Amino acid sequence: MGGGDRGDEDVERGVLDALRGDPGLWPNDIAVAVRRGVLTLAGWVDRDHKRRAAVAAGHRVPGVRAVVDDVEVRLPEVLPRSDAEIAAAALRALEPAGAGPRVEVTVTAGWVTLGGDPATVPRRLREATLLSRLAGVQGVTDVR
């Protein structure tokens, strides 16, 4: 196809460099393909924040017009954590937040859903970020 392919190769190299530049990512676990400016990321990582970091790195590369996120979040076999353990850890993590709005925590297959009394957007973001970093958490949804 000529020039478009060469541009895609340059963009692909830029994405790989961006992934290598993030100390929290292992770029060998993420496959990169670019076609007409559409970046596809595939593979797996052990934490959702790493998946989000890979997607964000891809969006920062000039020439990337869209990102297809096919990166799975999988726990390493040595760190399995039950939903009950994740729920307990989530409650412990939220305790220092004080006596603010009541938060309901539901955990299903490693996915944490926050419900309960409404909270401010900054508080919701802080809580979701905090919980997404807990071992065993696949992701966080806030339905408040």
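This is a predicted model: local features need pLDDT of at least 70, side-chain atom pairs count only at pLDDT 80 or more; totals for chains, interfaces and linings use all residues.
The protein has 144 residues, and 34% of them count as buried. It contains four helices and six strands. Read from the N terminus, the elements follow the order α-β-β-α-β-α-β-β-α-β.

**The sheet of β1, β2 and β3**

- Three strands make an open sheet in the order β1-β2-β3, and their pairing is mixed.
- β1 (30-35) and β3 are the edge strands, each pairing on one side only.
- From one strand to the next, the twist averages 10 degrees.
- Strands in a sheet are paired by backbone hydrogen bonds, in either a parallel or an antiparallel way.
- β1 and β2 run antiparallel and are joined by six bridges.
- In that pair, Arg35 stands opposite Val38 of β2.
- The hairpin of β1 and β2 has two residues between the strands, and Arg36 there takes a positive phi near 55 degrees.
- On its other pairing, β2 (residues 38-45) runs parallel to β3, over eight bridges.
- Val38 has Ala66 as its bridge partner in β3, and Ala42 has Asp70 as its partner in β3.

- Ile30, Val32 and Val34 make up the covered face of β1, while Ala31, Ala33 and Arg35 make up the uncovered one.
- Helix α2 lies across β1, β2 and β3, and runs at about 160 degrees to β3.

**Val64, a residue between α2 and β3**

- Val64 sits in the loop that links α2 (48-60) with β3 (66-73).
- Is Val64 buried or exposed? Val64 has a relative accessible area of 14%, so it counts as buried, the cut-off being under 20%.
- Leaving out residues up to four places away in sequence, Val64 touches Val11, Val15, Gly37, Leu39 and Gly58.
- Val11 is 53 residues away from Val64 along the chain, yet the C-alpha atoms of the two are separated by 6.9 Å.

**The sheet of β4, β5 and β6**

- Another open sheet of three strands has the order β4-β5-β6, again with mixed pairing.
- Its edge strands are β4 (103-108) and β6 (139-142), and each of these pairs on one side only.
- Neighbouring strands of this sheet are turned against each other by 20 degrees on average, ignoring direction.
- β4 and β5 (residues 111-116) are paired in the antiparallel sense, over six bridges.
- Within this pair, Thr108 stands opposite Trp111 of β5.
- Helix α3 lies across β4 and β5, and runs at about 155 degrees to β4.
- Helix α4 also packs on the sheet, where it touches β4, β5 and β6. The direction of α4 makes about 155 degrees with that of β6.

**How α3 and α4 pack together**

- Helix α3 (residues 83-94) and helix α4 (residues 121-132) pack at an angle of about 135 degrees, with axes 10 Å apart.
- That angle makes α3 oblique to α4, because angles over 145 degrees would be needed to count as roughly antiparallel.
- The crossing of α3 with α4 is right-handed.
- Which residues make the contact? On α3 they are Ala90, Ala93 and Leu94, and on α4 they are Glu127, Leu130 and Leu131.
- By type, five of these contact residues are nonpolar, none is polar and one is charged.

**Ser132, a residue of α4**

- Ser132 belongs to helix α4.
- Its relative accessibility is 2%, so Ser132 counts as buried.
- Apart from residues up to four places away in sequence, Ser132 touches His49, Arg52, Val137 and Val140.

Note on methods
Residues are numbered from 1 along each chain as its sequence is written. Side-chain values use heavy atoms; hydrogens and water are left out. Axes are lines fitted to C-alpha atoms, for helices over the stretch in contact, and angles run from 0 to 180 degrees between N-to-C directions. Angles under 35 degrees count as roughly parallel, over 145 as roughly antiparallel, 65 to 115 as roughly perpendicular and the rest as oblique. A crossing is left-handed if the near helix is turned anticlockwise from the far one by less than a right angle, and right-handed if clockwise. Contact means heavy atoms within 4.5 Å. Ala, Val, Leu, Ile, Met, Phe, Trp, Tyr, Cys and Pro count as nonpolar, Asp, Glu, Lys and Arg as charged, and the others, Gly among them, as polar. Buried means under 20% relative accessible area, exposed over 50%, partly exposed in between (1.4 Å probe, protein chains only). Two strands pair if DSSP finds at least two bridges between them.
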